[in-house]
Structures are given as structure tokens and as C-alpha cells.
Amino acid sequence: FPLLTLVDKARLGAAILSQVMRSFADAGLRTAALEVATNNPTARRLYERMGFERTHSWQSWRRTLAAGS
């Protein structure tokens, strides 16, 4: 089972996203949206290269609960 290089992964991601966007357009959809973690610069660059624009930014909050609290 060959491992993909980083370049191969980037090309594969772009190819898949391009095909999905074509399928959406062919189905009559006019917009597409997605979410990406801010700490994933590789994905963010891919989406920007594919024409996506950042429209919102938000934070998530969580709290670890101790047993019985």
C-alpha cells in the first residue's frame, strides 16, 4: 500500500473538491459552504485556492466535568 506524499495528498484533495463543486453546480446549487479548523492551514489554503472566502469566524468553548459535578 503506497503512501501518498504531501503533494499527492494536495492534488487529490483539490481533484475531489473540484469534482464535488462541479456536481453541485450541475445539480443547480448556487453556493457551497464548509467549515475548517483555524489550526488547519493546509486545508485553509486549499479552500482559498479553490475560490472559497472566509465569511465567519467563531470560537468553541468546553469544560471538563469532574465526576459528580
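Is Phe52 buried or exposed? With a relative accessibility of 17%, Phe52 counts as buried, since that word is used for residues under 20% relative accessible area, while exposed stands for over 50% and partly exposed for what lies in between, with a 1.4 Å probe and protein chains only. The structure is a predicted model, in which local features need pLDDT of at least 70 and side-chain atom pairs count only at pLDDT 80 or more, whereas totals for chains, interfaces and linings use all residues. Residues are numbered from 1 along each chain as its sequence is written, and side-chain values use heavy atoms, with hydrogens and water left out.

The protein holds two helices and zero strands, both being DSSP runs numbered from the N terminus, with at least four residues (H or I) for a helix and at least two (E) for a strand. Val7 has its place in helix 1, residues 6-26, and is partly exposed at 47% relative accessibility.

Tyr47 itself counts as partly exposed, because its relative accessibility is 21%.

Further along, Gly68 is found in the segment after helix 2 (41-49), where Gly68 is exposed with a relative accessible area of 88%. Although Gly68 and Phe52 are 16 residues apart in sequence, their C-alpha atoms are 45 Å apart in space.

For the protein as a whole, the radius of gyration is 17 Å, whereas a compact globule of 69 residues would have one near 11 Å; this radius is taken over C-alpha atoms, and the globule rule is 2.2 Å times the number of residues to the power 0.38. Along the principal axes, the C-alpha atoms fill a box of roughly 50 × 40 × 20 Å, and buried residues make up 6% of the 69 residues.
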